[in-house]
Structure formats: C-alpha cells, structure tokens
Amino acid sequence: MPFIDAKISIPLNADTKEALKTEFGKTMSLIGKSEAYLMVGIQDGYDLWMGGQKIDKGAYVSLSLFGNASPESCKKVTAAVCNILSEKLSIPGDKVYVTYHPIADWGWNGTNF
C-alpha cells in the first residue's frame, strides 16, 4: 500500500507525468512492495525553497508505506528516485529531498489492513 507524493518545481506535460509514474512504480521492488496497489500523485509547478533560496529545478518526494522498509532499501529507492529525476527532468540530486513515512493503519475500500 505505498503512496508516492511528488512535488516538482518545473511544469510537466501529461506524457512526462506518465513516464515518471511508470519509473516510480519500478522502484517499489527495491523495498519489497508491489506496484499493484501503488498510488502516485504528481504536483508540478510547485514552489520550493532550499536554504532560503527559491529552487528553479527541484523536487520533494514523499513515500508513505504500509509497514516499514529497511534503511538499506530506502537508500536504494532514494538513489533510484534521484536518478529518475535527473534523467527525465535534469533535476540535480542535491535539489531533491526524499522522505519515508511508515504507516501502521492503512484504509482502503471501506476497511483497514
């Protein structure tokens, strides 16, 4: 039951969003999760500041997980996310934050897991 919430400072077209969604989906295997229940949200044209300075090209990617992932798995996902954003959008890794949020209770389809 993962959810990837990506806030990206540059505007994106629908094809680019679709490509990002696909690439983010591939990262799920790195944390032992399935893409089958993955939900992705992409908010482009998002204002971001780092160190008091507005970022022209940057991103904040939040990954909520039902349960936990190991620190090593999280490192692999962070590397993959930074690589995806660099290759697809030319966003440098030092302008990307990736956070992880383990969730104990997750609801779906009128019930909780």
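Which residues does S62 touch, not counting residues up to four places away in sequence?

## S62 and its surroundings

S62 touches F3, I4, D5, T99 and H101 when residues up to four places away in sequence are not counted; contact here means heavy atoms within 4.5 Å. This is a predicted model, in which local features need pLDDT of at least 70 and side-chain atom pairs count only at pLDDT 80 or more, while totals for chains, interfaces and linings use all residues. Residues are numbered from 1 along each chain as its sequence is written, and side-chain values use heavy atoms, with hydrogens and water left out.

S62 lies in strand 5. Helices (H or I, at least four residues) and strands (E, at least two) are DSSP runs, numbered from the N terminus. With a relative accessible area of 9%, S62 is buried; buried means under 20% relative accessible area, exposed over 50%, and partly exposed in between (1.4 Å probe, protein chains only). The side chain of S62 makes a polar contact with the side chain of H101, at 3.1 Å. A polar contact is a pair of N or O atoms within 3.5 Å; within protein, one must be able to donate a hydrogen and the other to accept it, and residues adjacent in sequence count only if both atoms are side-chain atoms.

## The nonpolar core

The largest nonpolar core contains 23 residues, and I8, L20, F24, L85 and L89 have the most contacts inside it. At least two residues of this core come from each of strand 1 (3–8), helix 1 (14–26), strand 5 (59–66), helix 2 (71–89) and strand 6 (96–103). Helix 2 gives the most, with 6 residues. Such a core is a set of buried Ala, Val, Leu, Ile, Met, Phe, Trp, Tyr and Cys residues joined through side-chain atoms within 4.5 Å.

Leaving aside neighbours within four places in sequence, F24 is in contact with I4, A6, L38, V40, V81, I84 and L85.

## Aromatic pairs

The count of aromatic pairs is 3. Rings of Phe, Tyr and Trp (its six-membered ring) pair if their centres lie within 6.5 Å; planes under 30 degrees apart count as stacked, over 60 as edge-to-face and the rest as tilted. Y37 and W108 form an edge-to-face pair, 5.4 Å centre to centre with 80° between the planes. Y37 sits in the loop between helix 1 and strand 2 (39–43), and W108 in strand 7 (residues 107–108), 71 residues apart. Y37 is partly exposed at 45% relative accessible area, and W108 is partly exposed at 42%.

W108 also forms a stacked pair with F113, at 6.1 Å centre to centre and 15° between the planes. F113 is partly exposed, at 46%. Ring pairs link Y37, F66, W108 and F113 into a cluster.
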